[in-house]
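Here's a quick briefing to read alongside the model. Keep the 3D view open and follow along.

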Amino acid sequence: MISWPTWSEWLATLPPDVRDSAVSLAERFKELGALDPEEWARSEISENIPQLARFMVLRALWREAISPWMDASALSDVAAAQRLIDAGADPHDVLLVARAGAYEAIVAAVCILDEGGDPNARESDPGWHLIETDAECNLTGREIGGLHESLREADPAGNEGADLWA
């Protein structure tokens, strides 16, 4: 069994400027609500993975596409949902179905982004990559990938989507 150093032990191994960056990064993850901000920061620093950008993309997807389905008012513009409720369906159950559908759509979208191209495309067809930029929109050269691996961890409710299947 591999024993990883604690956050403090790991920080102690870093040069002061990198240590300061790691601490600052962990604080930003904490502000954004990451469940394990130190682990996200450690990965970005030690593996050079744009974890903050990954987390922010995933958190935005939750905020804009999945979380709105936690509020019953979201159902007011969906005629089929209103018909179900008028027919006696529990509004909470209708919300769960809508939210689970939104989650599955986001899973499909991030898997498509992670794939980098259409598997049924011709070799000459274009593909795609999501690339991190700095605050001024300059490319950093770091690819944002593996979104599907961390989608549940970015749940703003902090329960990794467990309530989707309640």
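What domains does the domain assignment of the protein give? The answer is domain 1 (1-48) and domain 2 (50-164), with bounds that come from an automatic or database domain assignment. Bear in mind that this is a predicted model, where local features need pLDDT of at least 70 and side-chain atom pairs count only at pLDDT 80 or more, while totals for chains, interfaces and linings use all residues. Residues are numbered from 1 along each chain as its sequence is written, and side-chain values use heavy atoms, with hydrogens and water left out.

**How the two domains meet**

- The C-alpha centres of domain 1 and domain 2 sit 26 Å apart.
- Contact (heavy atoms within 4.5 Å) pairs up 11 residues of domain 1 with 12 residues of domain 2.
- Together the two domains bury about 1100 Å², with 62% of it on carbon and sulfur atoms; buried area is the accessible area (1.4 Å probe) that two parts lose on being put together, summed over both.
- L32, L35 and W40 supply 52% of the area that domain 1 buries against domain 2, more than any other three residues.

**Salt bridges**

- A salt bridge here is a side-chain nitrogen of Lys or Arg within 4 Å of a carboxyl oxygen of Asp or Glu.
- The whole structure has 6 of them, and 1 is found across the interface of domain 1 and domain 2.
- Take a look at E44 and R142, whose side chains meet in a salt bridge at 2.8 Å, N to O.
- That pair links distant parts of the chain, 98 residues apart: E44 is in helix α3 and R142 is in strand β2 (residues 139-143). Helices (H or I, at least four residues) and strands (E, at least two) are DSSP runs, numbered from the N terminus.

**The largest pocket**

- On a 1 Å grid over the protein atoms alone, a pocket is an open set of points where a 1.4 Å probe fits, with protein on both sides within 12 Å along at least five of seven lines.
- There are 13 lining residues (an atom within 4 Å of a point), and W40, S43, Q51, R54 and S150 lie nearest the centre of the largest pocket.
- Two or more lining residues come from each of α3 (37-47), α4 (51-66) and α7 (147-150), and α3 gives the largest share, 4 residues.
- Why does the largest pocket lie between the domains? Domain 1 and domain 2 both give residues to its lining, so that is where it lies.
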